[in-house]
Amino acid sequence: MNHPVKFGIAGYGLIGKRHATIVRNHPGAELTAVIDVDAGKRQAAKKDFNVPVFESLHELNQADSKPDVICVCTPNDLHAPLAIQALENNYHVVIEKPMALTKAQCEQIIYKSLHVSRNVFVVKQNRYSPPSKWLKSIVEKGILGKVFLVQINCYWNRDERYYKKGDWKGLLLKDGGTLFTQFSHFIDIMYWVFGDIRNIQARFANFNHRTTTEFEDSGIVSFEFVNGGIGSINFSTSCWDKNMESSITVIGAN
C-alpha cells in the first residue's frame, strides 16, 4: 500500500488555508505541518486542522517528522527565497502563482530543483478548466487552421475592499503588479496554447488606484507570436463594484 504524500503549508492566509483544506480532503495526501511567522495565524491553523505549527522552515527542519512537499502560499516576494530554501532542504515544492517576481529568480528555482533532484510545481489550475483544455486541443489538432489573432480581455474589480492598508498587496516589491497577482493565469494559458511572443509594445496607466497601489491598474499590450499571428492583452482592475470579463478570442483560418 502506498503511503500518503505529506504536505506542509508555508503561509496560512486565504490561499494557504485553501491548500490545507484540499490536502486534508484528498485520500492520497496528509497535512503534517503549517508554517507562519504570525502567532495568530499559527494558532488558527492549529485550531482548524490540529496539526503541528512552526514559525519558520528552519524550525520545521528540527522536528522529528517532516513533510514530503512544501506548499509556498506566502506573499509574492517570498515565493522564490522560500522555494529555494525548501529545495535546499530536500523538499518537493508547490508554489502559488506567481512563481517569482523576476525571470532570474525563476531560473534560480529551476536550477536548484535540478541540482537537488526535487520537483517544483507552480499552481496554474486554469490549465485544467474544460475551456482551456478544449482550446489547447483544437489548436494542437489544427482544427482552427493558421492562427491569425489572439485577444485576451481581463476586466476585474479590485478596490479598497481588496487593497487594505498595511497589507502586502499593492506594494510593487512585494506584490509585483496586476499581471503577476491577477492575470498571470491568462498569460500562462496564452503561452501554453500559442507559444512564445516577440516585438512587445505596451501602455500602462493607474486610473483609480493611486492611493492603494504602487503600480498600474490598466494596460494594453500588443505583440507577435513566434509561431505566427498577432495578439494583445487588455486588462484593468478598475471595473466598478465587481468583475466584468475574462475572455480569450481566437481568429483562425478555419
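Two strands pair if DSSP finds at least two bridges between them. The views below come from a predicted model.

**View 1. Strands 7 and 11 pair side by side in the antiparallel sense.**
Strand 7 covers residues 147-155. Eight bridges join strand 7 to strand 11. One of the pairings sets Gln151 against Thr249, its bridge partner in strand 11.

**View 2. The largest nonpolar core has 23 residues.**
Leu57, Leu60, Ile70, Val93, Ile95 and Ile109 touch the most other members. At least two core residues come from each of these elements: strand 2 (29-35), helix 3 (57-61), strand 4 (69-72), helix 4 (79-88), strand 5 (92-95) and helix 5 (103-116). Helix 4 gives the most, with six residues. Leaving aside neighbours within four places in sequence, Leu57 contacts Ile35, Ile70, Leu82, Gln85, Ala86 and Tyr91. In soluble globular proteins, nonpolar side chains tend to be buried together.

**View 3. Asp36 sits in the loop between strand 2 and helix 2 (39-49).**
Asp36 counts as buried because its relative accessibility is 9%, and buried means under 20%. Not counting residues up to four places away in sequence, Asp36 touches Gly11, Tyr12, Lys41, Arg42, Phe54 and Glu55. A polar atom of the Asp36 side chain lies 2.7 Å from the backbone nitrogen of Tyr12. Thr21 is 15 residues from Asp36 along the chain, and their C-alpha atoms are separated by 16 Å.

**View 4. Lys17 and Asp48 meet in a salt bridge.**
The structure holds eight salt bridges. In this one, the N to O distance between the side chains is 3.7 Å. Lys17 lies in helix 1 (residues 14-25) and Asp48 in helix 2, so the pair ties together parts 31 residues apart in sequence. Lys17 is partly exposed, at 39% relative accessible area. Asp48 is also partly exposed, at 35%.

**View 5. Asp77 forms a salt bridge with Lys174.**
The closest N and O atoms are 3.7 Å apart. Asp77 is in the loop between strand 4 and helix 4, while Lys174 is in helix 7 (residues 172-175). The pair links distant parts of the chain, 97 residues apart. Lys174 counts as partly exposed, at 37% relative accessibility.

**View 6. Arg127 forms a salt bridge with Asp188 of helix 9.**
The closest N and O atoms are 2.8 Å apart. Arg127 lies in the loop between strand 6 (120-122) and helix 6 (130-140), so the pair ties together parts 61 residues apart in sequence. Arg127 is partly exposed, with a relative accessible area of 30%. Asp188 counts as buried, at 13% relative accessibility.

**View 7. A network of salt bridges links Asp159, Arg161 and Asp241.**
Side chains of opposite charge can pair when their charged atoms come close.

Definitions and conventions
Residues numbered from 1 in each chain as written. Predicted model: local features only at pLDDT ≥ 70, side-chain atom pairs only at ≥ 80, totals over all residues. Heavy atoms only, no water. Core = buried A, V, L, I, M, F, W, Y, C linked by side-chain atoms within 4.5 Å. Buried < 20%, exposed > 50% of the residue type's maximum accessible area, 1.4 Å probe, protein only. Helix = DSSP H or I, 4+ residues; strand = E, 2+ residues; numbered from the N terminus. Contact = heavy atoms within 4.5 Å. Polar contact = N/O pair within 3.5 Å; in protein donor to acceptor, adjacent residues only side chain to side chain. Salt bridge = Lys/Arg side-chain N within 4 Å of Asp/Glu carboxyl O.
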